[in-house]
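Here is a short note to go with the structure as you open it for the first time. Please keep the view at hand while you read the points below.

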Amino acid sequence: MDDLVGRMLARLSSGRDTALTRLAAVTTHSLPALKRFLDGERALRAGRDAQAAAAFRDAAMLDTSFALAQYRLALMSTWVNVRDAEDPAVWAATAARHAQRLTPLVRDLLNAYRAYKELRGEEAERLYRSVTEGHPDNVEAWFMLGETFFHYNPWRGRSPMEAWTPFQRVLALDPSDSHAMIHLARLAAAEGRIADLDSLARRYLERYPDAERALEMQALQAYVHDDAQGRKAVAAAARDADDYVLTSLFQAAALYAQNLAAARDLAAPFRGSLSTSAFRQLRQRYVAELGVAGGQWTREPGPDDGWRLEAQALIAAEPLFGVARARVAALRDSVAASHPYPLLAPPLTHPGLELRAEMQTYLLGLLSARLGDTAAANRYAAALGAVRDEPRAGPSRDLARGLRAEIARSRGDLKRALTEIEGFPFDVSAPGGRAAAHWGIRERFLRAELLHALDRDEEALPWYDSFQGGYDLPFIAAAHLRQGEIDERLGDRERAAFHYGRFASMWGACDAEFQPLVARARAAQARLVATAAR
């Protein structure tokens, strides 16, 4: 058996964390489980995520104490649909419990991953940083530090671009790491780093032309370059894509390339896909929000009007957009008339509590403050603060705090407003985030706006730059406009021109009432281009 295991391991002598692979041989007594684990490692390195996930699932089931197989299965379950597998957090916790036979380093990795899956973002960051400091050549720790920044930073008001350095470090240690390439390509698309995107796409597609995520890489290039033929080809291929890939294509268009027309290309494949109800609901919400994201409020109603109404209400309450008073009043009436108010929790999570009435009260308060009806806004804030039933009381108090911040801003008391909003729980683990998909998004924008208004632009920038999360779409364009203004003021003309251009691209076909914002951005961009040409 030792000779057989040696030959099996020799076939995996390079690539992502071979130390974990070699440790697997001494932490399971089941040869069939080890074989399937190694099958999974080979598939993982080749970018074949579905095959990898199936192999790790088999290994975990063949040996129910095989911690490394359970860890890999938890990781893969966040990227692909794994048949007959429990929630990834369950597998992560199980792996941590079975880690006694592992080295201290691997135990640290498993404990850090458990923190990550249990949404303890600050702890996960601390643990992964500790591993990278003690083991600077550990690929797994660098990759998961990047994952922590990429997925959790938006919740914390920090830029996902903090993930760039960890993912670059992964590629320096393992140039074949397909998942690091995909994440770097997403970041490059979002930041307008076109040369980096093209280089990453070329490397990925040359090495992994048949990988599940190859279509996403092609999509990122097509969408950033606004290649009509490329967009058409991706939309055609999307009809045969699974839930995870199809959703990633929409995110490539809307969240990273921020090409809203390309995102609309995917509406037909969305409707024709054989999806689970959760994924179907997620994509319906994405499509419903496209008009709001592009300032096109007069577009035909989408497939999820409750979601669209909530997004419009959040935008209308923000003074930057200058939504007409009559429209704000009509939105308040529509929100008030929603009985019952829809449950708009994240469709891929298990909320555990409902905040229907609380979100309705919050929106009514925000819109009242925008209309100058301070007395009504204060009544709504008091109603939220008076909720005593657990577990709704905590999130209700948080919403009350956000509403009080808006009321203070409407009175011109910016410092009081900032003090209020600083008490809001900007964290992925906040209970409200499981119950309301738009949780914390407008609050992040409000905090950025308050810092900007108080001439604390360098503090405001990371908050604006945090808008790349899954439900951030309505505010992405506005965040670009503000970043353009701040970067221009700080003397970074190149970045300012990029942000103005991205805003103008996203809102170029917006409704007439929003066109002054587009004209402002285009004039600023032209001014910067003219200055650079001198």
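**Notes on the helices and the fold**

1. Helices α11 and α12 run roughly antiparallel to each other, a label for angles over 145 degrees. The two helices, α11 (residues 178–191) and α12 (residues 194–207), pack at an angle of about 155° with their axes 9 Å apart. Their crossing is left-handed. On the α11 side the contact (heavy atoms within 4.5 Å) includes M181, I182 and L184, and on the α12 side it includes L197, L200 and Y204. By class, this contact has 9 nonpolar, 1 polar and 3 charged residues.

2. A word on the basis: this is a predicted model, in which local features need pLDDT of at least 70 and side-chain atom pairs count only at pLDDT 80 or more, while totals for chains, interfaces and linings use all residues. Residues are numbered from 1 along each chain as its sequence is written, and side-chain values use heavy atoms, leaving out hydrogens and water.

3. Next, look at F143 in helix α9 (residues 139–152). Is F143 buried or exposed? F143 is buried, because its relative accessible area is 0%, and buried means under 20% (1.4 Å probe, protein chains only). F143 and V170 lie 27 residues apart in sequence, yet their C-alpha atoms are 6.1 Å apart in space.

4. Now the whole protein: there are 30 helices and 0 strands, where helices are DSSP runs (H or I) of at least four residues and strands (E) of at least two. Of the 534 residues, 59% are buried. The accessible surface is about 20800 Å², and carbon and sulfur atoms hold 50% of it.

Notes. Axes fitted to C-alpha atoms, helices over the stretch in contact; angles between N-to-C directions. Parallel < 35°, antiparallel > 145°, perpendicular 65-115°, else oblique. Left-handed = near helix turned anticlockwise from the far one by under 90°. Nonpolar A, V, L, I, M, F, W, Y, C, P; charged D, E, K, R; others polar. Buried < 20%, exposed > 50% of the residue type's maximum accessible area, 1.4 Å probe, protein only. Areas by Shrake-Rupley, 256 points an atom, 1.4 Å probe, with all protein chains shown as cover.
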